[in-house]
Amino acid sequence: MNILVIDSQGGGMGKQLVSAVKQQLVGAHVTAVGTNSTATAAMLRAGADAAATGENAVIVGCRKADVIVGPIGIVIADAMYGEVTPAMALAVGQSRAKRVLIPVNQCDNIIAGVTQQPLGNLVESAVAHIKSCLSFNS
């Protein structure tokens, strides 16, 4: 299974996602794509099998992924302080992959009904959903 992790800014969420997926889903191929090189480097250090940076990497990665995971901003053009381009959001939204979106109330995007939670809890919930997606595809 190909899992695509997309993150921006410092890559802190992506780093935790990559690490948790690699620990809990042995054998999964994890590709990390950062909207910038700092985010990509953080995810690569966390154990991603492959990594790339930028808009075209997101577009290509979305074509090959079985599951895409990242903050909800990856489906909103101009989110994450402008690091998510319209083409990136479109690629994620149009991908045939299952999407596991982490609700993060920041960058002018508020998800009603979602309470603030520690990032670790959100990562664990995301990994559980990824597992569910992968067993559904089997």
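This is a predicted model: local features need pLDDT of at least 70, side-chain atom pairs count only at pLDDT 80 or more; totals for chains, interfaces and linings use all residues.
Strands of a sheet pair through backbone hydrogen bonds, either parallel or antiparallel. Here five strands form an open sheet with parallel pairing, in the order 3-2-1-4-5. Strand 3 (50-53) and strand 5 (98-102) are the edges, and each pairs on one side only. On average, neighbouring strands of this sheet are turned by 20 degrees against each other, direction ignored.

Now look at strand 1 (residues 2-7). Its parallel pairing with strand 4 (residues 67-71) runs over three bridges. Find I3: the residue opposite, in strand 4, is V67. Helix 1 (residues 12-24) packs on this sheet. Helix 1 touches strand 1, strand 2 (29-34), strand 4 and strand 5. The directions of helix 1 and strand 1 make an angle of about 160 degrees.

Next comes helix 2 (residues 37-45). Which of its residues are buried? A39, T40, A42 and M43 are. These four lie on the same side of helix 2 because they cover an arc of only 160 degrees around the axis. Their cover includes strand 1, helix 1, strand 2 and strand 3. S37 and R45 sit on the other side of helix 2, and both are exposed.

Finish with the two ends of helix 2. Just after helix 2 comes G47, with a positive phi of about 115 degrees.

Terms used
Residues are numbered from 1 along each chain as its sequence is written. Side-chain values use heavy atoms; hydrogens and water are left out. Two strands pair if DSSP finds at least two bridges between them. Axes are lines fitted to C-alpha atoms, for helices over the stretch in contact, and angles run from 0 to 180 degrees between N-to-C directions. Contact means heavy atoms within 4.5 Å. Buried means under 20% relative accessible area, exposed over 50%, partly exposed in between (1.4 Å probe, protein chains only). The arc is that of the directions from the helix axis to the C-beta atoms.
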